Amino acid sequence: MPPVSVIIVSYKVRYYIEQCLNSVLRSVPDAQILVVDNKSDDGSVEYLRDKFPQAEIIANDYNAGFGKANNIALAKATGRYVLFLNPDTVVAERTISECVEYMDAHPEVGAVGVRMQYGNGRFALESRRSLPTPSVSFWHMIGLGKLFPKSRLFARYHCTYLDKESECAIEVVSGAYMFVRKEVLDKVGGFDEDFFMYGEDIDLSYRILQAGYQNRYLPLPIVHYKGESTVKTSYRYAKVFYDAMLIFFNKHFKRYSHLFALLVRVVVGCRKIGTFIGQNIHAHSRRLADFTENCLYVGRKDTFADVERMISDSTYLRNPQFVEGADDAGSALEGRIDNGVKAVIFDTDAFSYDAILYWMYSRAQEGRRYTMGLYSAGTGHLITEDEVI
């Protein structure tokens with residue numbers, strides 16, 4: 001029996017999921033890997049079957065949504081633990097193994113979430129969340145959580161009053177990295193398929209708590225590129241996202257009055273429209289702005305020419321510089337980044353993901369954010385949050 005069954009749902013992100021799988025195999029080479037493809041039309045199935053013969057690739061003939069696709073793979077899972085993992089993630093070498101060790105030592109814990117960071121190293125707020133009860137959701141939606149991030153009343157949605165570097169109890173584990181005890185899933189079931197996308201992780205987290213288990217946050221690193229497979233400028237994105245909140249409310253909070261339920265629907269409807277408008281304004285601003293960045297490549301000298309050639313085809317990267325280094329990213333880059341450099345590209349064959357993620361996160365905590373690029377000679381791709389070269 002493998003210690004972990006890793007389940008990934010894929011939709012038109014074959015190069016991101018390739019990078020994700022490479023990081024998983026570094027972390028737990030003996031994992032059972034199950035990939036469910038939701039009818040991508042970019043050749044993902046054939047590509048992944050050729051690259052990863054050790055993984056089982058399940059090809060759906062329609063887009064089944066996030067929850068149902070995960071459940072299809074869950075029926076085949078044989079590990080003591082199940083990791084539901086987004087395809088647009090990169091896992092540090094120690095993250096999965098330390099989750100196994102923690103869960104082995106804490107049988108009262110049903111699910112674990114980890115410290116997620118974006119491609120620029122910034123901490124992802126959804127790493128720790130409370131259940132979106134009517135009061136928690138209300139304070140969040142009217143913006144008081146942002147105004148008073150240290151308030152235990154107003155900021156419960158993202159638990160911003162908690163120390164990011166400390167283990168703690170949480171209520172909601174993000175579906176981007178959801179590490180669950182298999183025997184718990186056997187008791188409470190998998191994802192509720194009434195949710196097409198978004199909200200499934202909240203519902204499953206709640207059912208785990210209702211079954212008498214704890215959910216915990218561990219400050220172990222992963223990168224989450226945040227929805228590479230989602231077109232956020234479409235009204236459908238805003239509708240699916242906020243409709244998931246209504247599904248959760250109607251399922252678990254029917255005891256509230258009809259008047260309050262109507263208020264919830266009005267607020268959610270306004271946020272749905274506001275999100276759609278806001279995302280499109282943001283996208284339009286990005287199209288008009290110049291986001292090209294001077295970049296630094298740190299790695300092996302014999303690969304720099306390949307990376308330099310790839311950057312010539314980039315939309316966002318320019319003027320590549322080179323620093324030779326391996327193993328310790330901090331030592332390699334100490335004093336070597338001038339003010340003009342805004343992107344750092346790492347040779348993933350020269351550095352561990354642990355070292356890369358730690359360097360990015362530490363710089364972000366200091367207020368210095370860089371675009372992260374990951375280059376692999378084995379795949380021949382350079383990947384950032386914005387593009388694959």
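The second largest cavity in this predicted model has a volume of about 30 Å³. Its lining consists of Gly113, Val114, Met116, Ser127, Ser174 and Tyr177. Strand 6, residues 109-117, gives the largest share of that lining, with 3 residues. By class, the lining of this cavity holds 3 nonpolar and 3 polar residues, and no charged ones.

How many cavities of 30 Å³ or more are there? The count comes to 2. The largest cavity has a volume of about 90 Å³. Helix 1 (14-27), strand 13 (371-376) and strand 14 (381-383) each give two or more residues to its lining. Helix 1 provides the largest share, 4 residues. The lining residues include Tyr15, Glu18, Gln19 and Asn22. Also among them are Leu374, Tyr375 and Ser376, together with His381 and Ile383. Thr348, Tyr353 and Thr379 line the largest cavity as well. The lining of the largest cavity divides into 5 nonpolar, 6 polar and 1 charged.

Now the open space. The second largest pocket contains about 270 Å³. Its lining is made up of 15 residues. Which of them lie nearest the centre of the pocket? They are Ile337, Trp359, Arg363, Arg368 and Tyr370. Helix 12 (329-333), strand 12 (341-347) and helix 13 (353-365) each supply at least two lining residues. The lining of this pocket comprises 7 charged, 5 nonpolar and 3 polar residues.

Technical notes
Residues numbered from 1 in each chain as written. Predicted model: local features only at pLDDT ≥ 70, side-chain atom pairs only at ≥ 80, totals over all residues. Heavy atoms only, no water. 1 Å grid on protein atoms, 1.4 Å probe; cavity = no way out; pocket = protein on both sides within 12 Å on 5 of 7 lines; lining within 4 Å. Points joined across faces, edges and corners; volume = space filled by probe spheres on them. Nonpolar A, V, L, I, M, F, W, Y, C, P; charged D, E, K, R; others polar.
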